[in-house]
Amino acid sequence: MAIPWLVVLHAAPDHPSGMRLRGCALLAGALMAGAVSAQNNGELLNLINSYRSSAQTCAGRQAVPAGPLAPDAALARMLMPPGVKLHDALKDAGYQAASAQAITVSGPANPAAAMRFIRQRYCRLVLNPGYSEIGISREADTWRIVFARPLLSAGLGGWAEAGKQILKDTNEARAAARNCGNQKFQAVPPLEWNGKLSTAALAHSREMAGRNYFSHAGKGGGQVSDRATEAGYNWRRIGENIAAGQSSPKQVVSAWLASPGHCANIMNPEFTEMGAAYAVNPESDTTIYWTQVFGTSP
């Protein structure tokens, strides 16, 4: 493969809604014929979300874990021919973004090679907690990846309403066998809503939003087990998923299912109950924070 070079396509001014748009492309080598593979795109997304979920060294500095990215069909089908601004391409695709950035990588023949290349050149972009959704498309050995954070859904509803929708979408996912990364799961029974677990979820979402951080550990050092106990839940098994930036319950569940570790929590047959909630802080880095708490009582 030829030595890569960086080409800056455009840098759009701030959108009237606060939208910040940047775009660049990484081009290398000759294009090779090949069909677009949804499976390969899914594999690359798994690799990206696995990378984001654990502490990484980026540009010589230790980066904190970031939330999973949800796949978005509009971002994946977005057309961006030469000369077209990212803002216009997003608008044509029907995607309302608060911020976005796109890269194109030509040369890698498989998801693992593409991921190695992206990590070397764009670790800061991949680990950016300000992005919550992603679109991946592939033509032969050219990969286009769009990172974005959407505007919040106007019909989001209250935190309890959204939490019940997360329960519904989670149970739909549990009703079918699936792979979470390399781990295979059979269909499992549905979870039941638990008010005490939802209280624990709300408390953590509010703390993350109010104090502008993203972590399973609370600022006082507490973990999900401590928050569940404080909420009055007598647990035998406990677990937690968190995310930030997604605009709706559907998108946040999609993000968790696209991340092997979060997906494994959703498909864990040992869990029998759950609660979920979100909290919003427009002054924070990602605006909205989501928490899903799983539990099994004695």
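**Charged and aromatic side chains**

Modeller: K168 and E172 are both part of helix 5 (residues 159–174), where they sit 4 residues apart, about one turn of the helix. Helices here are DSSP runs of H or I with at least four residues, and strands are runs of E with at least two, numbered from the N terminus. This is a predicted model, in which local features need pLDDT of at least 70 and side-chain atom pairs count only at pLDDT 80 or more, while totals for chains, interfaces and linings use all residues. Residues are numbered from 1 along each chain as its sequence is written, and side-chain values use heavy atoms, with hydrogens and water left out.

Biologist: What is the N to O distance in the salt bridge of K168 and E172?

Modeller: A salt bridge is a side-chain nitrogen of Lys or Arg within 4 Å of a carboxyl oxygen of Asp or Glu. The side chains of K168 and E172 meet in one, and the N to O distance is 2.8 Å.

Biologist: Is E172 buried, partly exposed or exposed?

Modeller: Buried means under 20% relative accessible area, exposed over 50%, and partly exposed in between (1.4 Å probe, protein chains only). E172 has 47% relative accessibility, so the residue counts as partly exposed.

Biologist: Which residue forms a salt bridge with E240?

Modeller: E240 lies in strand 12 (residues 237–244), and its partner is in helix 7 (residues 224–230), 13 residues apart. Both E240 and R227 are buried. The closest N and O atoms are 2.9 Å apart, and the partner of E240 is R227.

Biologist: R52 is buried yet has no salt bridge; which side chain of opposite charge is nearest?

Modeller: R52 belongs to helix 1 (residues 38–53). Its side chain reaches the backbone oxygen of Y131 at 3.2 Å. Lys and Arg count as positive and Asp and Glu as negative, with His and the chain ends not counted. The nearest side chain of opposite charge is 11 Å away and belongs to D285.

Biologist: How are the planes of F271 and F294 arranged, stacked or tilted?

Modeller: Rings of Phe, Tyr and Trp (its six-membered ring) pair if their centres lie within 6.5 Å; planes under 30 degrees apart count as stacked, over 60 as edge-to-face and the rest as tilted. For F271 and F294, the centres are 5.2 Å apart with 20° between the planes, and the pair is stacked.

Biologist: How many residues apart in sequence are the parts that F271 and F294 tie together?

Modeller: F271 lies in the loop between helix 9 (260–267) and strand 13 (273–280). F294 lies in strand 14 (residues 288–296), so the parts tied together are apart in sequence by 23 residues.

Notes
A polar contact is a pair of N or O atoms within 3.5 Å; within protein, one must be able to donate a hydrogen and the other to accept it, and residues adjacent in sequence count only if both atoms are side-chain atoms.
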